[in-house]
Every structure is written in structure tokens, then in C-alpha cells.
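Here is a protein model to look at together.

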Amino acid sequence: GARRAGDSVAVATADGSLGSAGTVEDLLPSAIEGALAEVVYACAPLKTLQSVSRTCTKYGIPAQVAVEEPMACGTGVCMACVLPVIGDDGATHMVRTCVDGPVFRGERVRWDDVGTIPFDALGAPRALRLGERP
């Protein structure tokens, strides 16, 4: 599948039983340089996607990341899968992975704020915006 969709594929396994020994984070810089990559597509746990996104930012290329968030309802009603993502307007939006994603530009996800409602997110409660304690 992946070999047919892209010019190159790099594989990493922890023990080296397939591809390179190590993690995606270990392999990514040389894969980007070796393939002269113009974009990276990734699907992985959030911490790996955060690392992939940061590496791509260092190289000045976009990362398209498919997030693996629990999607309880899959329709956007329950709000269990929200992520803070910077929109085209420059503001942070709490987006629903199940209906607004699951693929996002890696540099737009506020990785360090996942699991929170950032104080500056659109629609954040007033107490959060003012730094007050509820």
C-alpha cells in the first residue's frame, strides 16, 4: 500500500526486525533528507505525532497527521475527541477529531495543550481566559 502511494517508504521497528532499529523519531530526519521529502503523512499515538510535527517544522515541510483519539460517538455530539487546533484565522479552536479530522496539519495542533482548554481558545470559559480559578 504505502510503497504504491509514495516515492519512498521508511520503516522502523523497536528491535530492527523490519527496517531500521529504533523509533519513528530516530528515523525521520534521515528519511526526510534521503527522500527530499516535501510532506510527511503520519498516523500514530499523539506523542509520536507531536515529535513528527516538530521535526517537520524544523525542516520547513508540512506534516499531515491522522490522530488516534478515542471517538466515543463518532458524530461530534459527545465532545470526547476534541483537540486545540489553530485555524486559518490564527485563533485556537477546539475541534472534534471525529468530524473535523481526523487528519490535521501537524504544526497547527497545540500539542502541549492537548487534554486542556487553552485560555485563549475561542469559546473558552471566562474564568480560563482571565486566569481565574473556578
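Leu36 sits in the loop between H2 and E3. Helices (H or I, at least four residues) and strands (E, at least two) are DSSP runs, numbered from the N terminus. This is a predicted model, in which local features need pLDDT of at least 70, side-chain atom pairs count only at pLDDT 80 or more, and totals for chains, interfaces and linings use all residues. Residues are numbered from 1 along each chain as its sequence is written, and side-chain values use heavy atoms, leaving out hydrogens and water.

Q: What makes Leu36 stand out by its phi?
A: Leu36 has a positive phi of about 50° although it is not a glycine. Most residues other than glycine have a negative phi, and most peptide bonds are trans.

Q: Which peptide bond is cis?
A: The bond joining Gly101 and Pro102 is cis, with omega at about 15°. Pro102 is in the loop between helix H4 (97-100) and E7.

Q: Why are H2 and H3 called roughly parallel?
A: The axes of helix H2 (residues 24-35) and helix H3 (residues 46-59) cross at roughly 30° and come within 10 Å. Axes are lines fitted to C-alpha atoms, for helices over the stretch in contact, and angles run from 0 to 180 degrees between N-to-C directions. Angles under 35 degrees count as roughly parallel, over 145 as roughly antiparallel, 65 to 115 as roughly perpendicular and the rest as oblique. H2 and H3 are therefore roughly parallel to each other.

Q: Which residues of H2 and H3 make the contact?
A: Contact means heavy atoms within 4.5 Å. On H2 the residues include Val24, Leu28 and Ile32, and on H3 they include Ser51, Val52 and Tyr59.

Q: What joins strand E4 to E7?
A: Strand E4 (residues 63-67) and E7 run antiparallel and are joined by 3 bridges. One of the pairs is Ala66 with Val103 of E7.

Q: What do E5 and E6 form?
A: E5 and E6 form a hairpin with 5 residues between them, and Gly90 in the turn has a positive phi of about 85°. Strand E5 (residues 82-86) and strand E6 (residues 92-96) run antiparallel, joined by 5 bridges.

Technical notes:
Pairing = 2+ DSSP bridges.
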